[in-house]
Amino acid sequence: MGGVPWSPALQMKRDRKTLYSLLLDGIRGKRTSSRKICRLLRKTKLPDVWKLSELSLELKLEEVVTDYKKAIQRQAKKLRMDHVEARKSANRKAKKKNGKAWERKQRCQRMHQQEEARRRR
């Protein structure tokens, strides 16, 4: 589905795109979820965006959409690999720091996942 590798940087761009489109829909009279808008305002750290006019929102949306499309075409795989490498290094540091406690936590998580999978079958 989608075929775009996930990364936090791409998610931020996608969230901005969604925020601008929801705000434009609200201005144009379409029903939008205020909870979703508030969540995206906090998540994207753009608290004053809702004060913008319709024209400026359209310009920002066009800018964000082109930036998002360029990122998907050129950087998606690289951003994903950077994210995976950062997670691996963080896991290595945690493993060195906690040792046996970290391994026990991993075993417990795996066990819970297996139980959940059995329940769903």
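Is Lys 51 buried or exposed? Lys 51 counts as exposed, at 55% relative accessibility. Buried means under 20% relative accessible area, exposed over 50% and partly exposed in between, with a 1.4 Å probe and protein chains only. This is a predicted model, in which local features need pLDDT of at least 70, side-chain atom pairs count only at pLDDT 80 or more, and totals for chains, interfaces and linings use all residues. Residues are numbered from 1 along each chain as its sequence is written, and side-chain values use heavy atoms, leaving out hydrogens and water.

**View A. Lys 51 sits in the loop between α2 (34–44) and α3 (54–98).** Helices are DSSP runs (H or I, at least four residues), numbered from the N terminus.

**View B. Asp 15 is a buried residue of helix α1 (residues 8–27).** Its relative accessible area is 6%. The Asp 15 side chain makes a polar contact with the side chain of Lys 43, at 3.2 Å. Such a contact is a pair of N or O atoms within 3.5 Å; within protein, one must be able to donate a hydrogen and the other to accept it, and residues adjacent in sequence count only if both atoms are side-chain atoms. Leaving aside residues up to four places away in sequence, Asp 15 touches Leu 40, Lys 43 and Thr 44, where contact means heavy atoms within 4.5 Å.

**View C. Cys 38 and Cys 108 are both partly exposed.** Cys 38 has 39% relative accessibility, and Cys 108 has a relative accessible area of 25%. The disulfide count is zero, taking a disulfide as a pair of cysteine sulfur atoms within 2.5 Å.

Definitions and conventions: Helices (H or I, at least four residues) and strands (E, at least two) are DSSP runs, numbered from the N terminus.
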